[in-house]
Amino acid sequence: MESLNFDSLEVLLRIAEGGDVSKDAVHTLAIAETESPDLSISFGIKGKNRDAAVKERLQFLQAKYGAFCGFCDRQGLIPRDLLPTLWQVWLPLAEQLIAKRQQLDRPLIQGILGMQGAGKTTMGLALEALLEPEYRVLSFSIDDIYKTWAERRRLREADPRLIWRGPPGTHDVGLGIEVLQRLRRGEAEVPVPVFDKALAEGQGDRVAPRPVSDADIVLFDGWFVGVQPVDPQIFSAAPQPIVTEADRAFARDCNDWLRAYLPLWAELDGWIVLALSDFQLSKRWRIEAEQRLRAEGRGGMSDAEVGEFVDYFWKALHPALFVEPLTQLNRTEGGADLVIEVGDGHRIERVYRP
């Protein structure tokens with residue numbers, strides 16, 4: 001992704017900290033904005049409305065910069081380092097969510113797909129900082145609708161391949177649909193499921209739901225949220241680690257189980273994909289994270305264990321087969337409304353509408 005040049009960044013920082021929103025500053029930032037066609041198209045910055053849209057975003061920046069700095073402080077981040085991402089991605093995305101919420105005149109259910117390390121949690125927290133308190137934001141993960149430990153234990157007894165939670169079939173899809181429908185209707189109080197991954201000796205279990213009132217914008221995220229079943233013939237020549245006939249059978253079954261999730265995806269009003277420029281980055285980042293845990297004496301899986309763990313999920317829903325094609329399809333074709341491509345160093349490299 002084209003980053004702001006140094007001059008533009010200084011202009012932006014000065015305004016963020018309370019400087020005047022001058023005509024020259026607006027024009028400078030508007031020119032920088034339109035130098036990236038993908039960003040301009042993604043966030044509607046074009047033609048006659050260009051300067052007006054940039055001025056409106058600058059005013060939004062000034063109003064929310066204190067909250068953004070608070071978010072950075074809580075996450076151990078430096079606001080200046082994230083200012084280009086704030087300006088070019090998070091602020092216009094927040095503006096779009098507000099506009100969609102106002103058009104719907106009911107709670108907005110926004111789906112977010114992202115592999116591990118793509119930045120789902122960070123982006124969700126940033127959006128909360130930018131949207132609240134004017135709009136009440138609920139971050140709700142597909143992880144929260146895992147079947148209970150007792151249910152998954154019976155599931156594993158019936159199918160020993162389901163050794164970990166996560167693949168299709170390990171969630172209570174009906175519960176997810178019910179919760180999203182009640183949130184969509186704007187019910188006064190909705191019991192939203194909560195899953196504690198530390199319970200059952202690390203297998204995780206559901207705990208008491210949290211009562212949620214008056215949610216305006218729901219961010220529903222997960223590693224395969226919105227993913228569609230594919231032609232099962234594709235598994236005849238699938239990429240690694242799908243190599244054995246048993247692997248292919250598991251992949252086909254997960255593909256079939258995915259069909260049960262389509263009514264859940266139908267509850268989404270929009271869908272964002274946080275895509276990795278190379279899906280192998282997810283494994284590398286997980287290995288690095290576990291190495292840090294081991295170095296701190298906090299346990300952590302070995303590199304080989306991480307490889308086995310990640311490969312299991314790629315055998316279930318391989319990102320090259322299920323995620324990458326979606327970044328090339330528009331919404332009417334079953335693709336995403338917006339793709340945010342993340343590369344090495346967790347840096348956003350591109351934002352575009354398929």
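Student: How much of the chain is buried?
Tutor: Buried residues make up 49% of the 354 residues in the chain. Keep in mind that this is a predicted model.

Student: What secondary structure does the chain have?
Tutor: There are 13 helices and eight strands. The chain's radius of gyration is 21 Å, close to the 20 Å from the globule rule for 354 residues, so it is as compact as a globular protein of that length.

Student: And what box do the C-alpha atoms fill?
Tutor: Roughly 65 × 45 × 45 Å, taken along the principal axes.

Student: What share of the contacts links residues 24 or more positions apart?
Tutor: 73%, counting contacts with a separation of 6 or more.

Student: How far apart are the mean positions of the positive and negative charges?
Tutor: They lie 2 Å apart, for 42 positive and 54 negative charges.

Student: Let's switch to helix α11. What span should it have, and what does the model give?
Tutor: Helix α11 covers residues 280-295, which is 16 residues. At 1.5 Å a residue it should span 22 Å. Its end C-alpha atoms are 23 Å apart, which agrees.

Student: Which residues of α11 are buried?
Tutor: Leu 281, Ser 282, Lys 283, Trp 285, Arg 286 and Glu 290.

Student: What comes just after α11?
Tutor: Gly 297, with a positive phi of about 75°.

Student: You mentioned α12. Is Tyr 312 in that helix buried or exposed?
Tutor: Tyr 312 is in α12. It counts as buried because its relative accessibility is 8%, and the cut-off is under 20%.

Student: What does Tyr 312 touch?
Tutor: Leaving out residues up to four places away in sequence, Tyr 312 touches Arg 161, Leu 162, Ile 163, Trp 164, Pro 167 and Phe 250.

Student: How far is Tyr 312 from Glu 290?
Tutor: 17 Å in space, C-alpha to C-alpha, and 22 residues in sequence.

Student: Last one, Thr 85. Where is it, and is it buried or exposed?
Tutor: Thr 85 sits in helix α5, residues 79-104. At 15% relative accessibility, Thr 85 counts as buried.

Student: Which residues is Thr 85 in contact with?
Tutor: Trp 90 and Ile 348, setting aside neighbours within four places in sequence.

Note on methods:
Residues numbered from 1 in each chain as written. Predicted model: local features only at pLDDT ≥ 70, side-chain atom pairs only at ≥ 80, totals over all residues. Heavy atoms only, no water. Helix = DSSP H or I, 4+ residues; strand = E, 2+ residues; numbered from the N terminus. Expected span 1.5 Å × (residues − 1). Buried < 20%, exposed > 50% of the residue type's maximum accessible area, 1.4 Å probe, protein only. Contact = heavy atoms within 4.5 Å. Rg over C-alpha atoms; globule rule 2.2 N^0.38 Å. Lys, Arg positive; Asp, Glu negative; His and termini not counted. Charge placed at Lys NZ, Arg CZ, Asp CG, Glu CD.
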